[in-house]
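Trainee: I would like to go through this model term by term. Please set each value against its definition.

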Amino acid sequence: MSLSRRSFLKGVATTSAATLIGPSLIGSALAETSVTDGVWKTSGSHWGAFRARVWAGKVQEIKPLELDKHPTDMLNGIKGIIYSPSRIRYPMVRLDWLKKHKYAADSRGNNRFVRVTWDEALDLFYRELERVQKDYGPWALHAGQTGWRQTGQFHSCNNHMQRAVGLHGYSVKKVGDYSTGAGQTILPYVLGSTEVYAQGTSWELILENSDNIIIWANDPVKNLQVGWTCETHESFEYLEQLKQKVAEKKINVISVDPVKNKTQRFLENEHLYVNPQTDVSFMLAIAHTLYTEDLHDKEFIETYCLGFDAFVPYLMGETKDKVEKTPEWASEICGVAPDKIRDFARMLVNGRTQLLFGWCIQRQEHGEQPYWMGAVIAAMVGQIGLPGGGVSYGHHYSGIGVSSTGFGAPGAFPLNIDTGQEPKHTNKNFDRYSSVIPVARWVDSLLEPGKQIQSNGSKVTLPDIKMMVFSGNNPWHHHQDRNRMREAFKKLQTVVAIDFAWTATCRHADIVLPACTQFERNDIDGYGAYSGRGLIAMHKLVDPLFQSKTDFEIMTELTKRWGRDKDYTRGMGEMEWVKSLYDDCKAGNPNFDMPEFEEFWEKGHLDFGKGKPWTRHAAFREDPEINALGTPSGFIEISSRKIGRFGYEHCQEHPMWFEKSERSHGGPGSDKFPFWLQSCHPDKRLHSQMCESEEYRATYAVQGREPIYINPSDAKSKGIKDGDLVRVFNDRGQLLAGAVLDEGYAPGVVRIEEGAWYGPVNEKIGALDTYGDPNTLTQDIPSSELAQATSANTCLVQFEKFKGEAPPVTSFGGPIEVS
Ligand SMILES: Nc1nc2c(c(=O)[nH]1)N[C@H]1C(S)=C(S)[C@@H](COP(=O)(O)OP(=O)(O)OC[C@H]3O[C@@H](n4cnc5c(=O)[nH]c(N)nc54)[C@H](O)[C@@H]3O)O[C@H]1N2
Ligand SMILES: Nc1nc2c(c(=O)[nH]1)N[C@H]1C(S)=C(S)[C@@H](COP(=O)(O)OP(=O)(O)OC[C@H]3O[C@@H](n4cnc5c(=O)[nH]c(N)nc54)[C@H](O)[C@@H]3O)O[C@H]1N2
Ligand SMILES: [Mo]
C-alpha cells in the first residue's frame, strides 16, 4: 500500500492540490482522530446507506448502516470526495472567454480560469441565456444531458437546473440514455416494454426453479455495488445463495463473456468464452440447432409469438445473405466450437433456463441485435413467464429481482413542465430543427447542424447548438471519442458546468459553478430501488465547503435575475421541501405505517420489510389476450413488420448478424489494431465519480495511472511487465495507462474502465491523455438508424510499453488559476 501510494503521488502533477487548497483544510480534514468523539449521522449514497462520525465540523469516519449486510468497499472512497483537492472552491470563468469575448473557443481546454464572485458568475450565466434566446432561439440551447447526480430526491440537481433554465426559455432535450440506448429502443417492439428498467422475476423463484442460469455479458457482483437510490445491497443475499447452489451442483450457471469477470470469480461457475461482439452469430447458431433438431417449443411460438415464419428462412440461408446459420458458420466468427454450440443449445431446453443479460453488449454497434436475438432464443425455449425461466435484461442493476413491497418512493423536485409554468421567453419555434435528439448524438449536432438522421421511425434534424449547460453529468467522461469532441467544442460559444468536482467538463467549460456535495445538504431518498424496502433521512453531515452552495440555492439566485425565484422555490426552503416530499409520499402510501415527518427524520430510516415474490411475464403467459404485451401485435415479435417498414439497413425486420466496423480476432481493422478495448463500468468508482478521491484512487492506480487489464501472453509479446506504463493508441487518440496482467482477460482483449478522468498533456487535438480515459480511444458512432445509441464497445486499439519520461497526470486538482 505505501509503495503504490508513493508511486501514485509521483504521477500527480505538481500544480494540483497544493496550489489550490491550503494544506490546512485538506490536512486536518483527512487526519484521523484517534478518539471516538463526535456525533454519528445517518445518510445514504449510490454506494450504500451509512453512518458518518462528524467531529469538529469534519467527517471523520464512515461505516455502513446496519441494514446493509453486504456493504461495498467504495464506502471508503466517500471521505475523499468531500475533501478532494479537485473540489471546486469558488465560481470561475475561463480567462480567454472572459477577456476576448469572442468566445475564444480555440483555446478551450487550456485550463486557465479566473476567480469571480457568485454575483458575477450568475450575471454572466443569465446574460448568456438571454443572448442565446434573443439572437437565436430555443434550438441554440442544449440543457438536456442527464447523468448520475448524487442521491437525494429533493436535491436532484439536474431537475434543479432544468427547472430554472426552463423558467427562462425552451431548449433542446434528449431522448434515451447511455446505459441502455439500444436495448430500451428495440425491446418495446419485441417484448412490449423497455424491459431494462422493469422489475424482474424474484431471485427466490429463480433460485428455487432454475436448472440453468446463463449470465450473459453480465457482471452483477461488480455492478450491484452501486444503485440509483440509496443502495442497501439486498441482491447480494441471493448471489450468496446462488454461489452455494453452484458449489452443490444444484444449478448449472454459465457465464458467456470474453472475460472471466468478478461475478464468475465469485460464483466459481462455468465460463463460456465468446469472441467480443460476436454473440449474435453464436445465438443464431443456437437457434439453428434448436430448429433443425426440432427442440424448439412450437406450441409456445404458436400461442405467444409473431413472425417466426419470417425469421426461419434467414436462419436457414434462404433469404438476405443466403448463408445458413449453422454452428460451423458461427464458430468461425464467435470462436466457440460447433459441438459446443450444439451442446449449449440442447442444455437450454434441458430443464428450466433463465437468461440474465447485462447491458454492455448493447453498448456496441448493432447493439439492438443481441437483445432481440436473446428474446428469440427465450421464445424458442418456451419458458417466458415461468418462474426461473425466460429472459431478463436487468438483474445486475439497482436490485432488480428483489421482490417489491409495493411501497412508492418519494417523488423528486419537480420540473417546470410538471407544474405547467410558462418561461420568460415563450418562443417555442425550433425553426427547422428537432427539439429532441437521441442522447448520444449531440456531438454530431455540433459538427453537422442541420443534418437529417433517422431515429426510431422518425427523422431528426440536428439543431445548431450554440450554448450548453451541464449539471449532474460529466460528458467529458461519458461521451465517446475525445478528440472529435475537442473539435466539436470549438463550435460552442458558451458552456456552463455546475459540479462539485473539477472534472474535464469543467475544464472545457466557460462558466464553472461550485455545487456542494450531497454530504453538505439535507435530503430524503428511498432504498431498495425496485424492492421499495424503505426510506432514508439523508442528514447533512457538514456545511458546504469553500464557497459551494446547494444546486437549489444556485438556481434560486439565478432565477431571481428574471424575477422568477418565487415560482422556482414555491416559497419553500430546503427542509420544507424535504418534508413536503415526505408528506406526499405518506399520503400516497396509505397501506404503509409511516410516522409524522419529525419522527422519521429523528429515526433516520424506515424499513418496510420484504416484498412478495413475482414472476415477470407470468400474466401474459396466463392470458395473452387479456394481458397482451405492449408490442404492436400484443405478442412477442420475433419479426417486426413495423421495424421492417422503416427500411433501415442496420436494423431490419428480424434479428440478424452484422459485421462490425471494428472487430478483434480476425474482424475488420484487426490487422492494424489487433486488441479489443472494452470500457466496462468500474469496480471502484461510479463512472467518473470517486476518481477524484485521492487515497482511494491510490489503492488501484498503477504508477498514478488508470489500470489497463491485459492477458499475460499479450503483455509478454510486447515486453510489458505488471506495473509498467503502457501507451494505448489508435487513429483516434492515445493515452497512458498502467499494466495489470490478468489471466481472466482472453488474448486480444483489454479493459480500461470508463470514468477515468481525462487529463491531456495540452489542449491540442490528439494530445496524449496522461491518466487513461478510455473515451480517448472509443468510436462515436450510432448503434443503428433505430436507436442511434452509443457504441463505445466497438473499439480496437494497439499498445506498447511506454518509454521515456512520463508526463505528470494533469487530470486532478483543478485549473490553473489566473488573476
Ligand atoms: N466508454 C464508455 N463510456 C461510457 C460508458 C461505458 O460503458 N463505456 N457508460 C455510459 C453510461 S451507461 C453512463 S450511465 C454514463 C455516465 O455518465 P455520467 O452520469 O455523466 O457520469 P458521472 O461520472 O456519474 O457524472 C456525474 C457528474 O455529476 C456530478 N454531480 C453529482 N452529483 C451532483 C450534484 O448534486 N450537483 C451537481 N451540480 N453535480 C453533481 C459529479 O461530480 C460528476 O461530475 O457514462 C457512459 N459512458
Ligand atoms: N461498480 C459500478 N457499478 C455500476 C456502475 C459503475 O459505474 N460502477 N454503473 C451502473 C450503470 S450506470 C450501468 S449502465 C450498469 C452497466 O452495466 P453493464 O453495461 O452490464 O456492465 P459492464 O460492466 O460494462 O459489462 C458487463 C459485462 O459484459 C461483458 N461484455 C462486454 N462486451 C461483451 C460482448 O461483446 N459479449 C459478451 N458475451 N460479453 C461482453 C463484460 O466483459 C462484462 O463482464 O452498471 C451500473 N453499476
Ligand atoms: Mo449507465
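Predicted model: local features only at pLDDT ≥ 70, side-chain atom pairs only at ≥ 80, totals over all residues.

Trainee: Why is Lys-490 called partly exposed?

Mentor: Buried means under 20% relative accessible area, exposed over 50%, and partly exposed in between (1.4 Å probe, protein chains only). Lys-490 has 33%, so it is partly exposed. Lys-490 sits in the loop between helix 22 (482-489) and strand 18 (494-499). Helices (H or I, at least four residues) and strands (E, at least two) are DSSP runs, numbered from the N terminus.

Trainee: Which residues is Lys-490 in contact with, leaving aside its neighbours within four places in sequence?

Mentor: Ala-105, Asp-106 and Ile-765. Contact means heavy atoms within 4.5 Å.

Trainee: What span should helix 13 have, at 1.5 Å a residue?

Mentor: The expected span is 1.5 Å times one less than the number of residues. For the 14 residues of helix 13 (residues 279-292) that gives 20 Å, and the end C-alpha atoms are 20 Å apart, so the two agree.

Trainee: Why is helix 13 called largely enclosed by the rest of the structure?

Mentor: Twelve of its 14 residues are buried, so the description holds. Among them are Phe-282, Met-283 and His-288. After helix 13 comes Asp-294, with a positive phi near 55 degrees.

Trainee: What makes strand 6 and strand 30 edge strands?

Mentor: Two strands pair if DSSP finds at least two bridges between them. The open sheet has seven strands, ordered 6-17-18-19-4-5-30, with mixed pairing. Strand 6 (141-142) and strand 30 (816-817) each pair on one side only, and that makes them the edges.

Trainee: How many bridges join strand 4 and strand 19?

Mentor: Two, in the antiparallel sense. Val-93 stands opposite Ile-511 there.

Trainee: Which residues does the "Molybdopterin oxidoreductase N-terminal" domain annotation cover?

Mentor: Residues 43-83, according to an unreviewed UniProt entry. UniProt positions are in the numbering used here, feature names are shortened, and annotations may be inferred rather than shown by experiment. This span is 12% helix and 44% strand. The entry also places "Molybdopterin dinucleotide-binding" at residues 675-795, whose end C-alpha atoms lie 8 Å apart.

Definitions and conventions: Residues numbered from 1 in each chain as written. Chains lettered and ligands numbered in written order. Heavy atoms only, no water.
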